[in-house]
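The following report sets out the structural features of one protein model. Please view the sequence and the structure together while reading.

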Amino acid sequence: MNVMSRLLSPGAAARILEHHDLDAVLDVLVRNPVENVFITSRVELAGLDQWQLGGELWGHYAGGRLDSLCFSGANLVPLSNSPEATRAFAERARKQGRRCSSIVGPREAALDLWSQLAPGWDRPREIRANQPVLAIQESSPDVAPDFRVRPVHPAELDLLLPACIAMFTEEVGVSPTAADGGRGYRQRVGELINAGRAFAWIEGGEVIFKAEIGAATREVCQIQGVWVNPRHRGRRISEGGMAAVVEYALRDFAPIVSLYVNDFNAPARAAYQRVGFNQVSEYASIMF
């Protein structure tokens, strides 16, 4: 058996995917465009070049065909369709050691991968095992968009950045500025603003509401970083704000707008439901 046959045989170890694998990768990703939006957005932009992709994309073959993927970068994101693929991804992750700040992805794939890595990896800070994935494909039927929420101008980066840091710290439990003093995070927020993917209601130099489109493909975009200033909470501001972001997203980015939310965040889930989002899947996150 030659090297390629071994790579493509059922039960083979996962390997790093390269340019010639691109068509096969896209065939896997298109099977579930909402669940796979994070990886698809990177692949559509960067192909399989590791530097541009921001990490490695691993593939597992079954019966000579690519059947499962796992992105290994700042996050470990498995899209696994079989126990054999999960075992192969876990073996590769164990050999390289933990480099990621989280494992996140479709619930079953993420939790199964973690169950195999747990004996040898650090104890996580938190496991969020139930994160509903929601989607909407039309304007909100019941909530009028509040167009005080608008695209953020590049000159407003210094206004938006503290709100982004506050949201991240509140949501994740650590500051995004810890590693490098915030240079990398500031750059990322600036990139979202320059791409027209950051939205906010800014009044009197204060951010009242904000959200971004973090990942976008031809079919789906994913909203992230939804935040209401604590001084203005309890006024259902997020409903009109999210309805406005949905309008911008449908007009300028993709025909399906998605997000995922913690199951324990009852106010956010209720707001998204009133806007018109419906649950289509579920994620899980293991955070270190």
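Leaving aside neighbours within four places in sequence, Ala90 is in contact with Leu113, Gln116 and Leu117, where contact means heavy atoms within 4.5 Å. Ala90 belongs to helix α5 (residues 83–96); helices are DSSP runs of H or I with at least four residues, strands are runs of E with at least two, and both are numbered from the N terminus. With a relative accessibility of 0%, Ala90 counts as buried. Buried means under 20% relative accessible area, exposed means over 50%, and partly exposed lies in between (1.4 Å probe, protein chains only). Between Ala90 and Asp112 there are 22 residues of sequence separation and a C-alpha to C-alpha distance of 9.3 Å.

This is a predicted model, in which local features need pLDDT of at least 70 and side-chain atom pairs count only at pLDDT 80 or more, whereas totals for chains, interfaces and linings use all residues. Residues are numbered from 1 along each chain as its sequence is written, and side-chain values use heavy atoms, without hydrogens and water.

The protein has 10 helices and 12 strands. Its radius of gyration, taken over C-alpha atoms, is 19 Å, close to the 19 Å that the globule rule (2.2 Å times the number of residues to the power 0.38) gives for 288 residues, so the protein is as compact as a globular protein of that length. Of the 288 residues, 51% are buried. Among contacts with a separation of 6 or more, 69% join residues 24 or more positions apart.

The 12 strands form an open sheet of mixed pairing, in the order β1-β2-β3-β4-β5-β12-β6-β11-β10-β9-β8-β7; two strands pair if DSSP finds at least two bridges between them. At the edges stand β1 (15–16) and β7 (150–151), each with a single partner strand, so one side of each is left without a neighbour in the sheet. In general, strands of a sheet pair through backbone hydrogen bonds, either parallel or antiparallel. Two pairings are listed below.

| Strands | Sense | Bridges | Residues opposite each other |
| β4 (residues 75–79) and β5 | parallel | 2 bridges | Leu76 and Ile103 |

Strand β5 (residues 102–106) has 5 of its 5 residues buried, so this strand is largely enclosed by the rest of the structure.
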